[in-house]
Amino acid sequence: MTDSAAALEATGLSMSYSRRKEAVLVDCSFRLPQGRICALAGPNGAGKSTLLRLAAGLLRPSSGTLTVLGQTPAEARSRIAYVAQSKPLPPHLSVTDTLRHGAELNRPSGRWDQQAAERIAYGDGGLKPAEKIRSLSGGQRTRIALALAFGKRAELMLLDEPMADLDPLARRQLTGALMSAATEHGTTIVMSSHVIAELEGSCDFLLLVAGGRLRLGGDIEEVMAAHTLLTGTSGTSVLDTGGHTVIDQRPAGRGCTALVRPHGEPAGDWLAERPTQEEVVLAHLRNTEAPPLLTETATPRSLQRAQRARSQENAA
Amino acid sequence: MTAAGPIQFRIDRRSGVATYWQIVQQTRQALRLGLLQPGDKLPTAREVVEATAINPNTVLKAYRELEREGLVEARRGLGTFVRASLGTSPAADSPYLAGLEDWVARAHEGGLDREDMAALFDSVLNKHFPQETP
Amino acid sequence: MSSSITTRTGPAAPSRIRTARGRLLMVLRLHRSAMWIWIAFVVITAAVLLWLRFGPYGTAAAQVQAGCGTSGHRACSSTPLGADALHAFEYSVSNVSSLLRNFAPVVAAWAGGALIARELENGTAELAWTQAISPTRWLAEKLAVPAVLLTAGTGLLMFQFRGLLDWAGDHHLLRAGYETNDLYFAFGPSIVAYVLLGLTIGALTAFLTRGPLPALGISALATWTTSWVINPWRTQIWPTVTDTAKGDGPFGFAATPCEWDQADFKYSIDACLGAQPASRYWPVQLTETGFVLVLAVVAGAAAFWLMRRRTP
C-alpha cells in the first residue's frame, strides 16, 4: 500500500472540557485507513460524539494530535462532512431553501452535487419542497441533514448516531445510499451508535470507545478472528489461561464460558467457537481492565515505528 | 429471449452464514433454477449495496469467489457476467436418489425424526466439504 | 477505488461578484424577518419624520411662531398662552428623539440573541462551519451584512432628523434649555456608531453567555449603559466659552452658561444654554463617533478571539 494519508489518525488524543471535570477522551491512538466504513461504537457518554467533533474541527484537543486526510481538521474542512446528533438545520427555512443554503455554504470549495442531495432529501417521496424544517419529524430532519452531507461530496463522512430517528425502511434506504456512495467514490464513512447490532453488515472497521478510552480498533474481520469463545466442560471452574488473554469469563452451568484472545491452542478440554460481534463488544464493555486491541492497520504510523524500534532493540 | 431484470439478494444477518457466502449460494441457486443464464449481467456492487445496505467489500468478495469458481467473469468497464451454467435440478431418475430414499426410509423405521436425520446428513456433508471460514 | 469528485456547480472558480451576491442572499435568507422588520422601521420612522415636518403638527407650530422676533412682533421666546400646536410639535420631536437614541440596545439584543447565540445553541453555526465556511468567515459575514443595512438605514434617519431639527430651529419652534442643547449635539453619525457598537456587543455577549436569552438581555443592558456613561461627557470634554455673544449657540440661542437658577428649568427663560457654540457640533460628533467606533472594533475583535479560542 502506498503511503496515502489515513482518513483519521490520532496519537495520544485527549480531551477534557474543563480542568475540573473528568477527561472525556484519554490517550486515544488509532488509524482509520481511507475507504473503510467504520462503526464507532460504545455506550452513551463514552466520548464518541467528542471524537467526531474533534475530527470535524469543531473542538481543540486538550493534548495529542489528530490528522484528517493528512491535514489538520480545520484545513480539511472542505473534504469532511459532519452530521451532529441533533441534526441541526435552520428551522424557518423550507426544504428547498435549505438545500440551496447547503449549495451556497459549499460555494467556496466549488463542489456541490445538487442531484445527490435531492435524491436523498426527496428519496421516499414523503417530503414536499415547500415544507418548513420546523414542521418536519425527526426522521425527515435526518434525511435533510444527510442530504446536505451527501451533496457536499466529501471524502470523509462523520455521522453521529445517524440512524437514531429512522424507521426501518428509511434506515435501509439511507444505509444503502451510504454504501452506494462508498462504492462509487470510495468515501470513508464513520458512523457512531450505541446499538452495535445496527451497524453489523454494513461496517468493515470497528472503533470501540468506552470510558473515554479506545478498547478495540481494526478491521472487523481481523478483530473477530483474534477472539475465541471457549466453553469449559464440567470440572474446570477456572480457566487455564496458558498465555491467553481473558477478556470476560462467566460461569455456565458446572463449567464456565470465556471470551479470550488466544495465543496458541487452548490447553485442556475446551469447546472453541467463533464469537459474534455483539459478544466481543459486550465482553470488552463489561471488563474495563481488558487490554485494548489495535490491529496493525489500525495502529498509527508513529506508534508502528516506535513498536518496530522497540522490537529491534529487544532483538539486538 | 427476455431481458434479465436485476437478481435480488436476500441477506439474513442472523443466520450465522457469512454474508458473502449467502450471495455466492444465492447466485448458484439462481443459476440452477434458470433465473440466470450465461451472458446475463449480475447487478453491480453499487446496486447490490444500495438495495441490501451491506458493505461493498462483501459483494466484491462474493463476486471474486464466483469468478474463482468459474461461474462468472468480470469484464472491465462493462460489469460482471454469467459465464457457465450449473446443472438443473437432478432428474427424478438420478442414480443417487434411490439410495437416499432407501436410507431415509430405514432411518425413519429406526426411530430417527426429521431433525435427527438432517443433523446426521449435515455432519457427514461437513466432513466431506469442510466449510470455508468466512 | 477511484476518487473522482464531480463538480456539479458552475466553473470551478466562481466569479467574485456571484460569490458575494450568493453569500449576501444566504445571510439575508437566514434572517429574513429581521431584515423586513428593520426596513419597516426605517420606512415608518422616515414617514413619521416627513409627516412631522409637512403635516399638521409642523405647519401649525410654524404658524404660531410666524413672524416672531421681527419688528412689531413679540419675541420668539415668549409664546402666547394656549399655543398647543407648538407644545404638541415639541413633544413629538422629543419622542422621536428618544426613540432614535434608544434603539441601539434593541439592535444589540437582536444581534446577541437571534443573530449569533441562537445559532450557536441550535447548532446551525456548526452546520455552516462543517460545510466549508471557516468560523472566522462565518462571523465576518454575519456582522458585515447587518452592519451595512444598519448603517444605511440609521444614516438615512439621522440625515432626515437633522434636517427636521434645522428646519425647526430656523422657524423658532424649539425652546432653549438643556434638553434642546442635548438634542443639538447628540444626533448625527454618533448614533450610527452606537448602533454598530450594539451589533458587536451582541456578538461578543453571545460567545460569553449560554443561550440566546441571557445574550439578549446582557447585550441590551451593556449597550444602553455605555451610551448612558458617555452621554454627559459629550460636551464636557471641550472647554467652555467665556464670551457672551448671542446667536452663537445651538439653534441660534446664546452660548453662555445659564445662571444657576435658570439651569433648574427644563426651559430657560433667557435663551441661555450649556456653553458650547454651535460650531463645535462637528468636533463633538466626530470625537464621539470615533470613540464609540473604537469600542465597537474592540468588542468585535474580542468576539472573534473568543470564537477562535473554542473552535480551531
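A salt bridge is a side-chain nitrogen of Lys or Arg within 4 Å of a carboxyl oxygen of Asp or Glu. The structure examined here is a predicted model, in which local features need pLDDT of at least 70, side-chain atom pairs count only at pLDDT 80 or more, and totals for chains, interfaces and linings use all residues. Residues are numbered from 1 along each chain as its sequence is written, chains are lettered from A and ligands numbered from 1 in the order in which they are written, and side-chain values use heavy atoms, with hydrogens and water left out.

Over all chains, a search of the whole structure finds 23 salt bridges. In helix H3 of chain B, B:Arg68 and B:Glu65 lie three residues apart, about one turn of the helix; helices (H or I, at least four residues) and strands (E, at least two) are DSSP runs, numbered from the N terminus. The side chains of B:Arg68 and B:Glu65 meet in a salt bridge of 2.9 Å, N to O. B:Arg68 is exposed, with a relative accessible area of 60%, while B:Glu65 counts as buried at 8%. Here buried means under 20% relative accessible area, exposed over 50%, and partly exposed in between (1.4 Å probe, protein chains only).

A second salt bridge in chain B joins B:Arg28 and B:Glu69, with the closest N and O atoms 2.8 Å apart. This pair links distant parts of the chain, 41 residues apart: B:Arg28 is in helix H1 (residues 19-33) of chain B, and B:Glu69 is in the loop between helix H3 (56-68) and strand S1 (72-75) of chain B. B:Arg28 is buried, with a relative accessible area of 19%, whereas B:Glu69 counts as partly exposed at 31%. In chain A, A:Arg107 forms a salt bridge with A:Glu104, the closest N and O atoms being 2.8 Å apart, and both residues are buried. In chain C, salt bridges link C:Arg101, C:Asp182, C:Arg234 and C:Glu288 in a network.

Aromatic pairs were also searched for, and 13 are found over all chains. Rings of Phe, Tyr and Trp (its six-membered ring) pair if their centres lie within 6.5 Å; planes under 30 degrees apart count as stacked, over 60 as edge-to-face and the rest as tilted. The rings of B:Tyr20 and B:Trp21 have centres 5.9 Å apart and planes at 65°, so this pair is edge-to-face. Both B:Tyr20 and B:Trp21 are buried. The pair of C:Trp51 and C:Tyr57 is tilted, with 5.2 Å centre to centre and 45° between the planes. C:Trp51 is partly exposed at 42% relative accessible area, and C:Tyr57 is partly exposed at 33%. Ring pairs also link C:Tyr184, C:Phe185, C:Phe251, C:Tyr281 and C:Trp282 into a cluster.

One ring of this cluster, that of C:Tyr184, has C:Arg162 over its face, at 5.1 Å from the ring centre. A charge sits over a ring if NZ of Lys or CZ of Arg is within 6 Å of the ring centre and within 35 degrees of the ring normal. In chain B, B:Arg75 lies over the face of B:Phe81, at 4.1 Å from the ring centre.

Chain A averages a pLDDT of 86, and 94% of the residues score at least 70; pLDDT is the predictor's confidence in each residue, from 0 to 100. Among the elements of chain A, strand S6 (residues 156-160) has the highest mean pLDDT (95) and helix H6 (residues 196-199) the lowest (76).
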